[in-house]
Amino acid sequence: MLLNVPLEKIPIQEILIDKKVKLFMKREDLIHPQISGNKYWKLFFNINNYLSGNPEKPYIITFGGAFSNHISAVSAVGNLAGIPTLGIIRGEELKDKWRDNPTLLFAKRNGMNLQFVTREEYRHKEKLTEFLQKEFPEALIVPEGGTNEAAVEGVKMMLNDDTKDFDYLCTAVGTGGTVAGILKFSEENQKVIGFKAVDDDSLENKIVELTSKKNFDLIDSDFGGYGKIKDENVRFINDFKEKYGIPLEPVYTGKMMQKIFELINEDYFPENSKILCFHTGGLQGIEGANLLLEKQNRNLII
């Protein structure tokens with residue numbers, strides 16, 4: 001087994017707010033310095049099940065964008081295990097610029113081969129997957145964001161006896177695997193809320209396909225679009241870190257927490273509710289975000 005269950009419990013930290021609800025955060029970002037947050041659990045069974053079959057020439061292939069947490073995590077897994085990895089990267093224009101991108105540079109240093117494809121080719125990942133599986137029949141091909149049934153089973157590890165006492169379970173949503181796993185293994189009396197970082201109308205159907213339970217809501221929290229960072233997002237993230245000592249990245253958890261604070265102020269949650277938010281890691285993305293912000297002469301994420 002390459003990825004192990006951590007020996008120490010992931011801490012649940014209270015976010016002290018002067019409101020009629022109680023807010024907590026489960027610090028999944030602390031699992032591993034390079035395979036962070038939900039990526040660890042989404043890869044847990046994908047990788048371990050694959051290696052248990054003792055492939056003669058193991059090879060891991062996956063997909064992602066320029067600042068993908070998933071690409072970063074898979075490259076780290078490959079480096080840790082000594083397994084070659086291939087990342088199919090959205091955006092042919094990055095072919096000669098990857099050295100200027102901290103995520104892609106990190107992946108390359110971990111030994112990941114990078115193949116850049118056009119956005120049109122990337123939209124047809126199913127065809128790319130079929131082609132790659134024929135070319136590399138022994139390879140493990142992990143979908144974008146790591147979302148599949150094995151990922152959903154891995155997310156089960158984010159829940160334990162300590163999470164059963166909460167009324168609401170909240171997570172950011174990209175490809176839907178994390179919220180599906182939390183939903184599938186949540187208690188019947190718990191409400192699951194997914195905070196959408198991307199405007200994708202197919203997410204609800206995808207989540208229902210991965211789990212038969214329907215005690216969930218999806219709330220838009222992209223603040224202008226996936227990967228778009230507004231000055232208000234930067235202010236919130238910096239204020240949050242200063243007040244609570246918890247770093248947030250600007251694409252997923254940062255936007256989720258900003259939206260949750262808005263909802264609390266609007267009395268969305270009933271009085272005396274206990275709310276648990278999952279920190280899904282991805283802090284590696286801060287460096288790339290700051291490069292973009294610096295080019296625009298804007299305030300940086302601390």
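**Helix packing and one buried leucine**

Let's start with a helix pair. The axes of helix α1 (residues 38–52) and helix α2 (residues 69–81) come within 10 Å and cross at roughly 50°. This is a predicted model: local features need pLDDT of at least 70, side-chain atom pairs need 80 or more, and totals for chains, interfaces and linings use all residues. Numbering runs from 1 along each chain as its sequence is written, and side-chain values use heavy atoms, without hydrogens or water.

Some terms. Helices are DSSP runs of H or I, at least four residues, and strands are runs of E, at least two, numbered from the N terminus. Axes are lines fitted to C-alpha atoms, for helices over the stretch in contact, with angles from 0 to 180 degrees between N-to-C directions.

Which residues meet? Lys39, Leu43 and Ile47 in α1 meet Asn69, His70, Ala73, Val74 and Val77 in α2; contact means heavy atoms within 4.5 Å. That set divides into five nonpolar, two polar and one charged.

Next, Leu263. Leu263 sits in helix α10, residues 253–265. Its relative accessibility is 6%, so Leu263 counts as buried (under 20% relative accessible area, 1.4 Å probe, protein chains only). Beyond neighbours within four places in sequence, Leu263 contacts Phe195, Ile219, Tyr268 and Phe269.

Last, residues 18–281. Here the chain is 39% helix and 17% strand. The end C-alpha atoms are 26 Å apart.

Terms used
Buried < 20%, exposed > 50% of the residue type's maximum accessible area, 1.4 Å probe, protein only. Nonpolar A, V, L, I, M, F, W, Y, C, P; charged D, E, K, R; others polar.
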